[in-house]
Amino acid sequence: MMVRGLTILGAAVTLLIASLNCFAGMAIVVHPSNTNSMDMDVITKIYLGKRSTFPDGSKAIPIDFEQGAELRAEFAKNVLGKSEPQLKSYWSQLLFSGKGVPPRQVRTPDEVKALVSQNPNLLGYLPSDEVDETVKVVLEIQ
Amino acid sequence: MLSKKCYTFMAVALAHASCVNSAVIDLNGFASVTGGMTISEGETASGPATYFVDGSHGGTYDDEVSFRPDSLYGLQIIADLGSGLSATGQIVGAGANDFNAEFNWAFISYELTPNTKLSAGRMGYPLYYYSDFLNVRYAYHWLRAPADTYTLPINEIEGLKLRHRYDLGAVNGDVQLFAGASESELNGFPGAEPFHHENIVGIVGSIANEWAELRLVSLVADTYHEDDEELASDSEFYGLTAKFQFGSLFVIGELTHFEFDTPVTVTRNVLPTFLDEGDSGYVSLGYAFGAWTPHVTFSARETAITYTGFGSTEASNETVTVGVRWDFHPSAALKIEYNSSEDTSDDSFTALAGDAYEVDTFAVGVDFVF
C-alpha cells in the first residue's frame, strides 16, 4: 500500500519535472559510418563556418533548421552562444564579404535524418527523442 | 534535364537556391532605408554646416531631412559551379548616387584546399575591419560605421586574393594576401579627381578566441593623381582592430594610419591640395538588452594636408556617437543614431571651413537582409 503510494508519488514528481523541463534535449547526428568523435568546440566551429572538416580531415557540411523553428533558436543559443539576430548578423558579414555561406536549411527532423543517413559528410541536429537507427549520435545536449 | 548532382544540392538547399544546368545559384540582398538631418547653429562660407558621411559617394546631410546620404540597396549572386569553383557578383545602389546600380564586385573563387581559397577579379579592399561588408548595415550595431575613421574612399581592388582559414583549437582566424590595383575619388571634396593605386601588395590577418578578436592589416602601393603617373608616391596603410565580447557587453576599437612618402595631389581645380598622412580611430561600446542594443562611440581623425598658398595644416575631427539598435524582426533592425562632430583643426584650416566648429546629426533607419 505504502510502496504503491510512493510509486505514484514518484511518477507524479517525475512527470512534473519532465513537464517543467521545456528543453527536452538535442542530439547532434552524423552518418552511421562516420567514426569521428567531436566536442562542442568542433561542432560550433563547423556551424559558424570557422572550419569545414571533421577531425579526421573529411569534409563537414552542416544542416540547419529554417528561421522560425524553435530548435534552431535553442541550438543557436545553447551551442553557438548567439541570439538569432546575432547569428544573422554574423552570417551577413561572412556572406556579403564572400567569405562563406550559411548552412543549408531544412524544415523538419525527418528531412535531417533523410539527408544525414545518406551522406557521410553531413552533420545535423535533432530533438533527442527523434533519433533513430538511421543516424549516429556524436553529442547529446541537455 | 537536371543532373544527379543537381538533385543532391537541391535536396539540401530548399530555401533559396535554384538549379541552372549543374550550377547552384544563391541570391541574397541587403538594403537600408534611412533618413536624417543636421542640427547645427554653425554656418560655413557656403551655407549651413553639413555632415559628410560617405567618402565613396559623397553622401552629405544638411539642415533639411534627406533619405539620400545613408540609404542604399545591394544584391549579391553566388553561382556554385562545382569542384570548388564559384562566381560572385555584387551590385550596390547608393542614395547619394541617385540609387544607380553599380557593379561593386565581380570575381571568381577557387578552393585550393577546404581552408584555402584563391579569388580573382574585382573584390572588396580590406582596409578597415568593416570594409568587406560596410554596406551591409544589418551586420553591425551602428547606423553607419564612424565616418571620421572610415574616410579613405578606396573600396575595391582589382587583382588577386589568397585567403587561408586556420583553427588551432584554442584560437582560430584567417590570413589573406592581396595584390592588385584600385582607383578612388575623394567625393565630397571640392573639385575631387580620381587617383590611382597600383602595385598594391598587402596582408591582413586575424586571430580570435571565444571572447576576443584581433585584426592587423598592412599594405603598400604606388599612388598618384590621375595626371601624375610619373610622380607616383609610395603609400602605406596600417590598421589594428581589437574586439571583445563579454556576455551581452561588447567593445571594439580600431586604429588606422596612412602615409605617402611624397604628398599626393588630391585636386588641382579649386585649390591645389596635397594629402600627406593621417591617423584615425574609434572606440565603441555596446550592451545587448534582449532585442535592444544601445551603444556609444568616440571617434577621431587627424589628416595632414597641404593647401597651396595656405601651407601645411592638420585637419582634425572628433565625434561622439550615441545610438540604439532594435532587432524588431528576424531580418530587419531599426537604428536610431545621434552624432556630434567637432572640428578640432588648426586655425588655418577652420578659416577655410568657416564657423562650423560643431555639427550634430540625427538619423533613423531600418536595415534589412534578404
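## Interface contacts

Across the interface of chain A and chain B, the rule finds 13 residue pairs in polar contact, both residues at pLDDT 80 or more (a pair of N or O atoms within 3.5 Å; within protein, one must be able to donate a hydrogen and the other to accept it, and residues adjacent in sequence count only if both atoms are side-chain atoms). On the side of chain A that touches chain B, helix 2 (40-47), helix 4 (84-96), strand 3 (104-106) and helix 5 (109-116) each supply at least two residues; helix 4 gives the most, with 8 residues. Helices (H or I, at least four residues) and strands (E, at least two) are DSSP runs, numbered from the N terminus.

The rule also finds 6 salt bridges across this interface (a side-chain nitrogen of Lys or Arg within 4 Å of a carboxyl oxygen of Asp or Glu). In a salt bridge between A:K45 and B:D167, the closest N and O atoms are 2.7 Å apart.

## Sheet of chain A

In chain A, 5 strands form an open sheet with mixed pairing, in the order 3-2-4-1-5; strands pair if DSSP finds at least two bridges between them. Strand 3 and strand 5 (136-141) stand at the edges with a single partner strand each, so one side of each lacks a neighbour in the sheet. Strand 1 (residues 26-30) and strand 5 of chain A pair in the antiparallel sense over 5 bridges, and A:M26 has A:I141 in strand 5 as its bridge partner.

## Basis

This is a predicted model: local features need pLDDT of at least 70, side-chain atom pairs count only at pLDDT 80 or more, and totals for chains, interfaces and linings use all residues. Residues are numbered from 1 along each chain as its sequence is written, chains are lettered from A and ligands numbered from 1 in the order in which they are written, and side-chain values use heavy atoms, with hydrogens and water left out.
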